[in-house]
Amino acid sequence: MKITTLFVASLLAASVSGCKLVKTGDSEAAADPIAEIVETTFDTKLVPALTEKAAELATLQNAIKGSLDKAGESYGVRVGGAGGGWNFPVKGTATVLEDTRASTKAGVAEIDVDGDGKADATLQLGPVVKGSALRDTTNLYDFSTFRDQIEYAKLGRALNDKAASKLPAADIELKGKKVNFVGAVVIRTASEKPLITPVSIEVAP
Amino acid sequence: MKLTKRLLMSVVALGIAGAMSGTALAADTIAIITPSHSNPFFKAEADGAAAKAKELGYATMVLVHDDDANKQSELFDSAIAAGVKAIILDNAGADASVAAVQKAKDKGIPSFLIDREITTAGVAVSQIVSNNYQGAQLGAEEFVKLMGEKGNYAELLGKESDTNAGIRSQGYHDVIDQYSEMKLVAKQTANWSQTEAYTVMESMLQAHPDIKGVISGNDTMAMGAYAALEAAGRKDVIVVGFDGSNDVRDSIKKGGIKATVLQPAYQQAQNAVEQADKFIKTGKTGLDEKQLMDCILINAANAEKLETFALKP
């Protein structure tokens, strides 16, 4: 059995305690198990899961104003213990007020959801993407099935890179445009401006 | 009946303890084993665990392994012989510690790991692991921002034998290497030591006077580096550390070191004891074995809320 098929099978079985991932000499099979996970789950599992469970950003922000913990219990999942936060799948339609990709590698779109001309949230445009919201917001990727936090972090990075590769190219100026987005966000305090990691941004015609 | 069950458990425990050489302990005891307390981070862990253990009615056996896996193994033997009910451990090596945790398990003593993970699952009951990689990414993101995404920088590495030294460096580079105008001009270990970092920083500065920033694997090295920079009249150099110590907090408040990353050590240690207590009483914790605990960025905006490796609300 090819090591990659075996690996994916055991990942799905979710019982790989103590298993060490070993590269085989098989040059045909993907020697990179992380890339394999991304290829086999991003489009077919992660995006659908986020899209299906996504709360409207405006609804979420209203709920957070009432109580972050209650909003978390209704719409999200708590990750990372004391240092972590509430992870939410999120979607919405907004106007882009600023597109910072020309001036920084950690490019973002400042977005206005409620039409008051002020930025309500930020969409990460890449190429440098921060955080691990895409990895942590669904139950698709369980830390206990990874050898250590380094491997787990590599998955987070690979998912971020994959997501960024699907967004509008840097030469498409987003400022002033209306966009539909789906993504994930981690919120730690009720007052912070959400920094959303999108899996898709569609420019409305 | 509860009383009978407790009596039975105590008899069994005394039986186990009595079967070995060494004195059996009168009260239920939890062993707390960490690296040396000379680093305030590990002292905070030990203090946090001991406080929670006492609160829950346990006696404590507090031991230090000095990052020596052999010494750690001997300490495990002592704890086992003494008949402790559980071991809270910040371990001396991800691979090397598996055997010690396994032998305690074989003798019916559960281990609850904090901070550092081991590379085998199913041996410890809990591994409450500091997400050092995520923390390093946070520190590096702040460092890159302060550097304006460009410039020459140096890196101070931790002790090579400590897994966290490698994890943090990888986390730093995961972020920084995405910025082509950030140039690494010097990279050297100062072995987690403040005095060593002072000397290393001095020589780095002489070899590379155009250094704009220094990213350090931990706070004690950041303190040493900053002292050397200050002595050389180079307070302009941007320094970022890792751990969230009171020393670096004070430096940040004075505008010296610019940022650090907090591992919630005190809370982690307390959580471990709570899980140990639940396991002792019910046979399970109700949680997954591996629990990642995220780190928090500390800079001028929140430094005054930081006290002994915990953020005040």
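Let's start with the open sheet of chain B: six strands in the order β2-β1-β3-β4-β5-β11, with parallel pairing. Strands here are DSSP E runs of at least two residues, helices are H or I runs of at least four, and both are numbered from the N terminus. Two strands count as paired if DSSP finds at least two bridges between them. At the edges sit β2 (59-64) and β11 of chain B, each pairing on one side only. From one strand to the next, the twist averages 15°.

A quick word on what we're looking at: this is a predicted model, where local features need pLDDT of at least 70, side-chain atom pairs count only at pLDDT 80 or more, and totals for chains, interfaces and linings use all residues. Residues are numbered from 1 along each chain as its sequence is written, while chains are lettered from A and ligands numbered from 1 in the order in which they are written.

Now, helix α10 (residues 265-282) of chain B packs on that sheet and touches β1, β3, β4, β5 (126-130) and β11 of chain B. The direction of α10 makes about 165° with that of β4(B); for such angles, axes are lines fitted to C-alpha atoms, for helices over the stretch in contact, and values run from 0 to 180 degrees between N-to-C directions.

Let's zoom in on β3 of chain B, residues 86-89. Which way do its residues point? B:Ala86 and B:Ile88 go one way, B:Ile87 and B:Leu89 the other, and all are buried. By buried I mean that 20 or more other C-beta atoms lie within 10 Å of the residue's own, with 12 or fewer for exposed, partly exposed in between, and C-beta atoms placed from the backbone.

On one side, four bridges join β3(B) to β1 (residues 29-34) of chain B, running parallel, and B:Ala86 is the bridge partner of B:Ile30. Three bridges join β3(B) to β4 (residues 111-115) of chain B, also parallel. There, B:Ile87 has B:Ser111 as its bridge partner, and B:Ile88 stands opposite B:Phe112. Between β3(B) and β4(B) the chain crosses through helix α4 (residues 98-106) of chain B, a right-handed β-α-β crossover. Right-handed means that, with the strands pointing away from the viewer, the path from the first strand over the helix to the second runs clockwise.

So what is buried in α4(B)? B:Ala100, B:Val101 and B:Ala104 are. Down the helix axis they fall within an arc of 95°, so they line one face of α4(B); the arc is taken from the directions from the helix axis to the C-beta atoms. Their cover includes α3 (69-82), β3 and β4 of chain B. Just after α4(B), B:Gly108 takes a positive phi of about 80°.

Why does B:Met204 count as buried? Because B:Met204 has 24 C-beta neighbours inside 10 Å. Leaving out residues up to four places away in sequence, B:Met204 touches B:Ala154, B:Ala186, B:Gln188 and B:Ile211, where contact means C-beta atoms, placed from the backbone, within 7 Å.

Finally, the partner chain. The contact takes 29 residues from chain B and 21 residues from chain A. On the chain B side, α5 (132-146), α6 (163-176) and β11 (290-293) give two or more residues. Chain A itself has six helices and seven strands, and 39% of its 205 residues are buried.

Technical notes:
Contact = placed C-beta atoms within 7 Å.
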